[in-house]
Amino acid sequence: MYWTRPVLFSLLLCSCELIAAQLKYSTPEEVKVGSVVGNVAKDLGLDAGTLTSRRFRIVSGAQDALFEVNPNNGLLLVRKHLDREHLCDRNAVCVMDLKIVVENPLEIHYVSVEVTDANDHAPSFAEKGKILEIAESTLSGARFQLPGARDPDIGINSIQRYKLSHNEHFQLEIRERDDDKIPFLVLQKQLDREEKINHSLILSAIDGGTPSKSAKMNVTIRVLDINDNRPIFSKEGYSVELQENAAYGTSVIKVQATDPDEGANGEVEYEFGGDTNADVLRLFSLDKKLGEIRVEGQIDFETTPVFKLDVQASDKGRPPMTTDCRVIVKVGDVNDNKPEIEVTSIAGAVPEDAKHGTVIALVSVTDVDSGPNGKVICSLAPNVPLELKPSFKENMYSLVTKDTLDRETTSSYDISITATDCGEPPLSTLKTLNVQVTDVNDNVPEFPQNPFEFYLTENNKPGASVFSVNAFDKDTDDNAAVSYSIVRQGGHTDIASFLNINPETGEVTALRSFDFEALKSFQFQVSATDGGSPPLSGNVTVKVFILDQNDNAPVILYPLSSNGSARGAEEIPRNAKAGDSVTKVRAYDADTGYNGWLLFSLRPLGERALFSLDRYTGQIRTLRPFTETDEAEHRLLVLVKDNGDVSLSATATVTVKLAEPKEALAASDHAGSAAEADGREDRVTFYLALTLGSVSLLLVIAVVVLIAMRCSKSAEYTSKYLQDAHYDGTLCHSIQYRSGDKRYMLVGPRMSVASAGAPGSHAGTLVLSDARRAAAGEVRIINLLSPNQTVTAEHGTDSMAAV
């Protein structure tokens with residue numbers, strides 16, 4: 001029959017098919033290998049026939065090698081020899097924890113086996129014999145400590161009593177110190193050395209087992225003469241506090257005992273009592289003469305908080321007299337252990353839109369020191385959007401968000417957690433935790449500038465890329481994947497009908513060719529949408545300015561075209577003087593700026609020395625008086641060409657007929673009325689030129705200020721005039737001509753074809769005096785639509801700049 005005592009503590013059933021139960025058995029030590037501890041299957045209600053298929057087994061446990069289970073019948077058996085003293089030393093309770101598992105369904109059972117003590121050890125004395133020297137003058141009642149016996153068993157199986165062999169001089173007295181029983185020999189009858197020198201006694205130590213076991217030690221009493229005083233300690237017991245980690249050689253305490261005897265009988269020596277633990281003797285030393293206890297090993301509060309030292313003082317008398325005392329050494333805790341931080345991450349990353357109070361990790365701190373040295377304060381590094389919130393359990397914290405996160409500002413945080421104890425000086429531990437912030441689609445795509453301004457030369461190739469827009473999204477991955485589209489707008493013109501945009505690159509393609517003369521500028525909006533959920537969009541206004549090309553040839557206004565060619569006939573009297581006006585060829589060019597600046601040249605078909613042509617105004621005059629030998633009809637070919645990179649031209653044929661003097665009379669009347677009309681025209685032209693000159697001066701000042709602002713500020717100050725939908729982009733008319741001894745230049749807006757073609761009309765022109773013609777100079781025309789285009793024309797001695 002085996003000593004087993006099964007107890008079923010608890011049975012838990014879970015919906016997840018995990019069953020847990022706990023059993024407790026007890027078995028004495030020293031049982032045979034293979035002894036039955038208990039029937040686990042029966043106590044748990046398991047079918048013994050299914051144990052093998054369900055893999056009935058022990059899976060863990062610190063002492064699982066000591067036991068095994070039989071998968072056929074469910075018995076818990078002793079596998080190895082059980083020695084309670086080896087397993088649990090002198091602990092009051094010796095329990096082995098086992099974990100037993102069966103599968104299908106999974107069941108985990110916890111089995112505790114208490115190994116009870118058996119009286120398998122007999123008491124033993126460290127010494128085979130003890131010799132005591134007692135002076136014959138020793139009075140009755142004197143006590144002498146005897147070595148105690150040791151028994152590894154505990155409880156009733158340990159030493160329960162001591163027994164002294166029968167004699168008439170001594171009796172045994174037992175004192176209990178803590179859990180120990182210390183035997184003392186008490187003198188009952190004064191000794192007489194002359195009667196008997198040696199007394200032989202037997203000290204027996206008996207335990208309480210059944211059957212009891214015992215040990216014996218021979219005690220020899222040698223009776224000495226005369227030394228009749230024993231040393232006496234200044235205190236019956238000493239208590240002192242020693243700080244842990246005290247340096248080797250540190251003085252702990254100095255005990256002092258005095259002996260009133262003289263000579264050798266009064267000289268006291270100290271030593272540790274024979275009952276002092278050997279481990280303690282390795283940590284402390286005792287000066288034999290001074291009684292000073294010093295540190296000889298590593299003192300650790302966390303290992304042993306209190307030491308009990310027995311000190312014995314004896315004189316040098318013959319026989320020596322001894323006395324003893326106990327020294328209690330209390331070890332004071334020193335802050336020699338840093339706190340330990342353990343972090344359990346809940347989430348590897350946190351979204352940037354996480355709410356305040358979102359738990360990121362659990363933090364626990366421990367410190368093995370005691371008192372204030374073990375009290376820990378946990379803190380975070382400043383300037384982080386996280387905080388530590390204490391839990392209901394001491395030294396447990398939750399790492400939570402306290403502020404709004406922004407991945408675009410900070411994509412990750414290195415969180416420094418500092419644990420500091422309250423010792424003196426305090427010790428700290430630093431642990432760094434990296435917290436990643438994940439992206440949320442919270443940023444709208446942005447364009448580097450708004451509006452965008454682009455310049456496009458007319459006559460572009462349809463289907464070719466003309467420009468591109470680009471937007472940037474501060475988010476990442478799909479949240480930053482931008483696609484482009486043209487915003488459709490109401491109105492008579494749909495931008496999408498002649499522009500197309502690549503949704504991935506933002507490259508804009510023109511579906512048709514643009515004509516500066518028909519469309520000078522337009523604007524539209526481009527939308528950039530990211531790939532987030534929900535997607536976010538941003539718009540930009542794109543302004544496109546069409547740049548002029550020299551794609552229009554000059555058109556002859558006078559003489560009028562007929563059958564595709566410009567031909568005209570003029571009559572002048574044969575007696576005309578040198579410098580008389582013959583006619584004036586008028587033309588215009590639909591282009592602007594340099595491309596619209598016209599120059600006239602004469603290609604006579606006959607005599608070249610009779611007529612001259614003003615290259616700027618198209619005015620034809622006589623060079624000399626006519627002679628009788630000059631032909632009556634002259635054909636002049638006038639070539640008109642612009643100043644484009646590849647100039648375009650037109651021609652006009654003028655036939656000049658010389659009328660006889662009889663026909664000149666009517667012509668003279670007509671010339672007189674024409675001269676009078678020219679006088680009136682000159683006055684009107686003067687006032688108009690004065691007005692236009694003032695306007696031009698103000699315009700020059702405005703443009704200079706505009707250019708200065710553009711150079712000193714951003715590119716958005718390109719030109720205020722470009723926003724005027726009715727302004728055709730030219731500030732200087734291209735037609736120049738002479739009338740008599742004056743030269744004219746058009747400086748106002750473009751004239752209509754009708755007004756420019758009227759003979760003798762000087763409207764919209766600036767009259768230059770002869771004095772101005774005397775100085776050398778240049779004419780510069782700046783087209784605001786093409787700021788980089790500068791036209792410089794040299795003409796005689798004239799100098800004028802128009803903007």
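Which residues make a nonpolar surface patch of about 400 Å²? The patch is built from L697, L698, I701 and V705. Patches of this kind are assembled from residues with over 30% relative accessible area and no salt bridge, with nonpolar side chains (Val, Leu, Ile, Met, Phe, Trp, Tyr) joined within 5 Å and like charges within 9 Å. A salt bridge is a side-chain nitrogen of Lys or Arg within 4 Å of a carboxyl oxygen of Asp or Glu. Accessible areas come from the Shrake-Rupley method with a 1.4 Å probe, and for residues only the protein chains shown count as cover.

The model is predicted: local features need pLDDT of at least 70, side-chain atom pairs count only at pLDDT 80 or more, and totals for chains, interfaces and linings use all residues. Residues are numbered from 1 along each chain as its sequence is written, and side-chain values use heavy atoms, with hydrogens and water left out.

Helices (H or I, at least four residues) and strands (E, at least two) are DSSP runs, numbered from the N terminus. With a relative accessible area of 48%, I701 is partly exposed. On this scale, buried means under 20% relative accessible area, exposed means over 50%, and partly exposed lies in between (1.4 Å probe, protein chains only).

Attention now turns to the cysteines. The structure holds one disulfide, a term for a pair of cysteine sulfur atoms within 2.5 Å. The bond links C88 and C94, whose sulfur atoms are 1.9 Å apart. The torsion about this S-S bond of C88 and C94 is about 60°, so the disulfide is right-handed. C88 is buried at a relative accessible area of 8%, and C94 is buried at 0%. Two further cysteines can be described by their accessibility: C325 is buried at 2%, whereas C422 is partly exposed at 30%.

Strand pairing comes next. Strands of a sheet pair through backbone hydrogen bonds, either parallel or antiparallel. Here, two strands are taken to pair if DSSP finds at least two bridges between them. Three strands form an open antiparallel sheet in the order 45-49-48. Its edges are strand 45 (581-584) and strand 48 (611-613), each of which pairs on one side only. From one strand to the next, the twist averages 20°; axes are lines fitted to C-alpha atoms, for helices over the stretch in contact, and angles run from 0 to 180 degrees between N-to-C directions.

Strand 45 is joined to strand 49 (residues 619-622) by three bridges in the antiparallel sense. The C-alpha atom of T583 is separated by 9.3 Å from that of P559, a residue 24 positions away along the chain.

Strand 51 pairs with strand 44 (residues 565-573) in the parallel sense over eight bridges, and A566 stands opposite A652 of strand 51. Strand 51 also pairs with strand 50 (residues 633-641), here in the antiparallel sense over nine bridges. In that pairing, V640 stands opposite A650 of strand 51.

The peptide bond from N104 to P105 is cis, with omega near 0°, and P105 sits in the loop between strand 7 (95-102) and strand 8 (107-116). Another cis peptide bond joins E424 and P425, with omega about -5°. P425 is located in the loop between strand 33 (412-421) and strand 34 (428-438).

Positive phi values complete the picture. N395, a residue other than glycine, has phi near 65° and occupies the loop between strand 31 (386-390) and strand 32 (396-401). Its relative accessible area of 18% makes N395 buried. For N459, phi is likewise near 65°, and the residue is placed in the loop between strand 35 (452-457) and strand 36 (465-468). N459 is partly exposed, with a relative accessible area of 36%.
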